Amino acid sequence: MASSEQRMRVHPYYGILALLALVGLVAIGVRLIEGMRVTALSSPVAWGMWVAFYIYFSGLSTGSFLLSTLIYVFGMHQYEKVGRMALLSALFALVAAMILVWIDLGHPWRFWKVFTRWNYTSVLAWEMLVYLLYTVILVIGLWALMRCDLAHLALTVSGWRGKLYRFLTFGFRCPESEAAYRRCHAQSMRVVRILGIIGIPILIMGGTGSIFAVVAAKPYWYTGLLPIIFLVSGLASSAALMTFLYAFFGRKDEDHLAITRGMANLMVLFLCIEVVLLASEYLVGLYGRIPEHIRVYHAILFGPFPYVFWVGQLLMGTLIPIALATLPRTRNNIFWLGLGGLSAMIGIVAVRLNLVVPAYVVPALEGLEHAINQPRWAYAYFPSFWEWASSLGTIALVVLLFSLAFQFLPMFHEFPQRFQAASESR
Amino acid sequence: MSTTALDRRTLLQRLAQFAALLFVGGGSAVRAKEPSQLDESSLPQLPPPQPDEDVLIRMMRDLQRALKKPVHERRWVMVIDLRKCVGCHACTIACIAENKLPPGVVYRPVIEEEIGEYPHVTRRFLPRPCLQCDHPPCVPVCPVHATWKRPDGIVVIDYEACIGCRYCITACPYEARSFDCGEHYSDGTPRRAEYDQSPSPEYGRQWERKGTRSPIGNARKCHFCLHRIEKGMLPQCVTSCIGRATFFGDANDPDSLVSELIAKPNVMRLKEELGTEPRVYYLV
């Protein structure tokens with residue numbers, strides 16, 4: 001466990017995050033009181049930055065969960081030290097996604113109608129049901145994973161943290177003897193495995209891409225590849241997050257570099273698959289010469305915000321992370337690997353923005369863009385101040401909560417060390 | 001042990017009953033909104049039929065005949081004669097005035113197209129109301145069943161059920177749906193103008209746009225002026241058309257004007273390839 005002095009030193013970090021989170025909460029408040037007019041959205045550009053961040057975080061959450069199933073279900077046990085990080089990230093990314101999609105509703109206080117007036121033909125309605133199930137799976141899985149360590153901490157730690165651990169065990173007690181503990185741990189892992197197996201199909205359905213892919217009105221989205229791209233890009237973003245987290249906040253032991261490199265390699269793998277899929281989409285779309293389709297690609301590549309593609313998507317989201325994780329000079333350096341992960345995480349935001357907004361900038365009927373001369377009927381979009389503030393503030397809030405959870409919850413499996421130490425002292 | 005099993009079973013039954021109640025409740029709430037009985041005495045009085053009367057009178061006669069039938073036997077369609085449209089945009093404005101539409105919400109824009117190169121130029125005008133598709137892509141995507149196709153073919157929105165997710169706006173291949181984000185035309189002026197405060201009569205209600213109350217925050221669309229139709233009046237865009245280029249009526253009535261018009265070979269519909277089966281026909 002890190003020393004307590006080390007923990008005290010991170011306070012400015014929490015201060016800045018708390019300030020940003022406060023700005024975000026104010027922005028959300030303004031949006032709830034003033035309504036959707038605080039956004040820069042128009043009637044044709046129906047979805048903007050909030051939806052882009054929503055699919056970013058839902059992809060990150062889905063990807064992190066699937067990554068954890070690689071470890072717990074498919075037996076990549078060499079990465080077990082990343083497992084809890086992945087599930088915790090999945091939970092907090094889901095929180096961010098839900099906040100952002102909630103404030104995007106024209107009537108946020110009616111969100112519950114999705115469950116009471118549920119429409120089975122709507123992909124969005126299914127999505128919400130999936131998120132409900134997913135949240136349950138995620139919370140139980142995370143608890144099962146940590147319960148043995150939590151039970152131990154509940155017995156050994158005093159003060160408010162002890163109280164917190166005692167609360168979080170929900171009355172669960174783990175045997176203190178080694179043999180009994182191992183049985184208890186095996187049971188926990190079985191629960192995690194079963195939840196993972198249940199979770200995989202649910203999450204593949206909840207990959208969010210299908211919301212867009214079924215919209216025949218937007219040729220840019222209307223392809224069978226889109227749901228797959230969403231999944232792969234989600235996996236890439238979560239591998240990038242794990243690379244970043246493990247590089248800078250992982251357990252600094254003899255496995256540190258190996259695990260960070262493993263995560264970076266996974267990230268490179270997913271990024272490469274994503275590049276192949278996106279290249280296929282772009283090239284087929286461009287070759288097809290269907291005006292409504294090709295104009296979207298023109299908008300992405302040479303439109304008003306070309307840097308979202310060239311700098312965000314291509315450079316930061318693809319080239320830099322792949323280079324840092326593969327070049328001989330950087331691939332064995334934990335710092336550069338972590339930076340590559342961060343770069344990919346930011347770059348994938350650009351991927352998500354470019355998946356949502358450009359589909360709206362081409363009018364459905366030629367000339368419709370001149371038929372209505374009103375700012376709220378514009379075929380262009382740049383997020384308003386309140387959209388930026390609420391999005392970045394929500395991210396700060398979730399990063400803050402995640403950091404606190406990361407600091408106080410047992411993120412690594414403590415017991416092997418404990419029994420080892422006990423047997424050595426004997 | 002056996003008692004707990006029984007308890008669990010009872011609990012599950014209760015839960016299932018509750019869930020069923022919720023679903024059925026939601027469904028019946030949707031169905032309860034069907035039109036009320038027609039009061040024939042309230043229909044506008046029309047002069048006796050004449051051989052060369054104005055098409056508006058003829059269409060009102062068609063309309064009243066259709067209203068006497070049960071709702072599922074009516075088949076409302078609109079016909080727009082592009083050869084007669086002069087691009088005056090009166091229908092666009094009349095629609096905004098009728099439905100009290102705010103900035104960014106336009107039910108019936110007129111698209112202007114320029115054909116050829118100067119000086120050999122001609123122009124074409126294409127009014128685009130909601131096409132009230134027979135296979136509307138906007139309806140199945142709604143997560144809360146807030147929009148549906150009525151038996152007479154009009155695609156309507158329940159403003160109080162709509163959560164404002166804008167999936168339907170995204171799904172419409174004609175961009176016939178718009179979003180009411182809560183702006184007013186007189187925003188930024190010293191006083192909110194009267195026309196900005198008058199309630200919208202849509203769906204037979206008086207919708208006051210205040211704060212974040214519906215229809216603010218909702219998807220909105222053309223409904224063929226359903227509130228007027230049910231009172232025996234033609235949609236506002238039909239009434240206001242200076243060139244008599246827009247027609248409305250019941251295609252299920254072989255004697256109606258629209259039935260005559262859409263039986264001709266010079267009829268086209270927008271984006272037929274999508275299989276949406278629009279109910280707005282263009283004469284070219």
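This is a predicted model: local features need pLDDT of at least 70, side-chain atom pairs count only at pLDDT 80 or more; totals for chains, interfaces and linings use all residues.

## Helix α3 of chain B

Helix α3 of chain B itself spans residues 90-99, and its buried residues are C91(B), T92(B), C95(B), E98(B) and N99(B). These residues lie on the same side of α3(B), because they cover an arc of only 135° around the axis.

The partners of this buried side belong to chain B as well: the buried residues of α3(B) pack against the strands β2, β3 (122-127) and β8 (246-250), and against helix α8 (236-240).

## Contact between chains A and B

Chain B contributes 43 residues to the contact and chain A contributes 39 residues. On the side of chain B that touches chain A, at least two residues come from each of α1 (2-31), β2 (110-115), α4 (138-141), α5 (167-171) and β6 (177-179) of chain B. This side of chain B comprises 27 nonpolar, 10 polar and 6 charged residues.

## The largest nonpolar core

The largest nonpolar core contains 190 residues, and L100(A), A236(A), A239(A), M242(A) and M267(A) have the most contacts inside it. Helix α4 of chain A, residues 80-103, gives the most to this core, namely 16 residues.

Apart from neighbours within four places in sequence, L100(A) is in contact with W50(A), F53(A), Y54(A), F57(A), S391(A) and T394(A).

Notes. Residues are numbered from 1 along each chain as its sequence is written. Chains are lettered from A and ligands numbered from 1 in the order in which they are written. Two residues are in contact if their C-beta atoms, placed from the backbone, lie within 7 Å. Helices (H or I, at least four residues) and strands (E, at least two) are DSSP runs, numbered from the N terminus. Ala, Val, Leu, Ile, Met, Phe, Trp, Tyr, Cys and Pro count as nonpolar, Asp, Glu, Lys and Arg as charged, and the others, Gly among them, as polar. A nonpolar core is a set of buried Ala, Val, Leu, Ile, Met, Phe, Trp, Tyr and Cys residues joined through C-beta atoms within 7 Å. A residue is buried if 20 or more other C-beta atoms lie within 10 Å of its own, exposed if 12 or fewer, and partly exposed in between; C-beta atoms are placed from the backbone. The arc is that of the directions from the helix axis to the C-beta atoms.
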